[in-house]
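Me: Could you help me look through a protein model, one step at a time? I would like to start with its strands.

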Amino acid sequence: MRLIRIFTAMSLPQTIRKGVFWAHLAIGLLAGVMVLSMSVTGILMVYERQIIEWVDGVTVKPSAEALPLESVIGDEFSKQVPPSSILLSSKPTEPIGLQYGREKTVYFDPYTGKSLGEGSQSASKFFHSVESWHRWLGQTGEKRTIGKSIVDSANLMFLFIVVSGLWLWFPRRWTKSGIKAITRIQPRLKGRAWEWNLHNVFGFWACIPLFIIVTTGTIMAFPWANALIFKAVGEEAPQGRGGPRGGKPGGRGEGARTEGGGTRNEGRGESRGEGRGPGERSERNERGGRGGRGEGQSRGQREGEGRGRGERGGLETQTGSGTVSLVGLNAAYQTVAKSNPDWETMRIEMLADHQAKFSVTDSHRGRPDRRQEVTMDLAKNQIVPVSASDKQSLGRQIRGWVRWVHTGEAGGWIGQTIAAFAAGSAAVLVWSGFALSWRRFFGKRKRSKAAMA
């Protein structure tokens, strides 16, 4: 009640209230079209992960033994442009995925080594274009910077609209009929009263999730907003605008990572949805691997077979960061899998100096609290100790959640649904806001002409 009295008291000065109202109206008209664009594209991307997973349809038939990783992917790593990461699932029916940036993921049968293609290209292209509009107005190349600036500015204006809208929503008098009018949809209303009712009701019920979505969007968009997170916990913000990882604000084709250090295509099970954490699965394999990949074979046999096949494809390749070797990869994979018996998905990045980075999660897409990362020395089959400088600080941990909160995936499918409702509500707010503005500015003319007639 005290909070209500404070907001009510704040709404009493008519001069201030009118000033906030006109600012709310003007900024809403200025940014309305962009807010509508972000809302519609946001709705389309909410269940991207689930949709991609459903339409991809790439599965394999398990057999007694799975081939060593080196023998399956050796040929691909010998190409001029090697994969950026290896995607694995604990499910015996899931293929191995080789990710090339964010442009594509090629699947392979872990039991035969046969290429299975890229899955559903139409769905991937559709979500690619939707995301492009959501973040860059569909622009490419140098024009992408312009599109991003427009989107980010609209997002910041929308933040003001949400906050000022909540303040304007608070009624002057708290009566039962007054509260009902601004918290419940009244389908019998017509014209301006109907539009006003929709604007207030959807604005009220969606204000909190919208505030969270827009605030996290602002953090991802502006370096100064990103720095506030670290400043709040007494830390210095890392250089670059990628938050915890200092990555570029890349889209598909600009790198495999997304805001907060996750990946769009972090395994076919979690897939490419921006899901990124929006459903938890729990199908495990008692042997800690996909159908016991390589079980029944000695390490020497596995490595021997890998070397034999690798002579064609090459177990060593040159990259921009140095020489990458696949020798010992399968043994390291087995070690990581056994030390994480509940793992569900695994993403491997090959590093120079005979090392590989394993990102292991027991849920879809590797939500920050469900993901562990270790770097393995492939020559020794040992974990590389983490230095103090590489450990994530509190600020980096908080920043790592930003994208997951922005998409609602931090709350699973329920969080995704709330995010979808919020995005849909934003579209309703734009429509009703424009409709009310039209009546305000042009309705009087029609009434005046009618009176004169």
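Me: Over how many bridges do strand β8 and strand β9 pair?
Reply: In this predicted model, numbered from 1 along the chain, local features need pLDDT of at least 70, side-chain atom pairs count only at pLDDT 80 or more, and totals for chains, interfaces and linings use all residues. Side-chain values use heavy atoms, leaving out hydrogens and water. Strands are DSSP runs of E with at least two residues, numbered from the N terminus, and two of them pair if DSSP finds at least two bridges between them. Strand β8 (residues 355–361) and strand β9 (residues 371–377) are antiparallel, and the number of bridges is seven.

Me: Which residue in β10 stands opposite Met376?
Reply: Met376 belongs to β9, where it stands opposite Ala356. Two bridges also join β9 to strand β10 (residues 382–383), and these run antiparallel. In β10, the residue opposite Met376 is Ile383.

Me: Which residue takes a positive phi in the hairpin of β9 and β10?
Reply: Four residues lie between the strands of this hairpin. The phi is near 55 degrees, and the residue is Asn381.

Me: What percentage of the chain do buried residues make up?
Reply: Buried means under 20% relative accessible area, with a 1.4 Å probe and protein chains only. Out of the 453 residues in the chain, the buried share is 50%.
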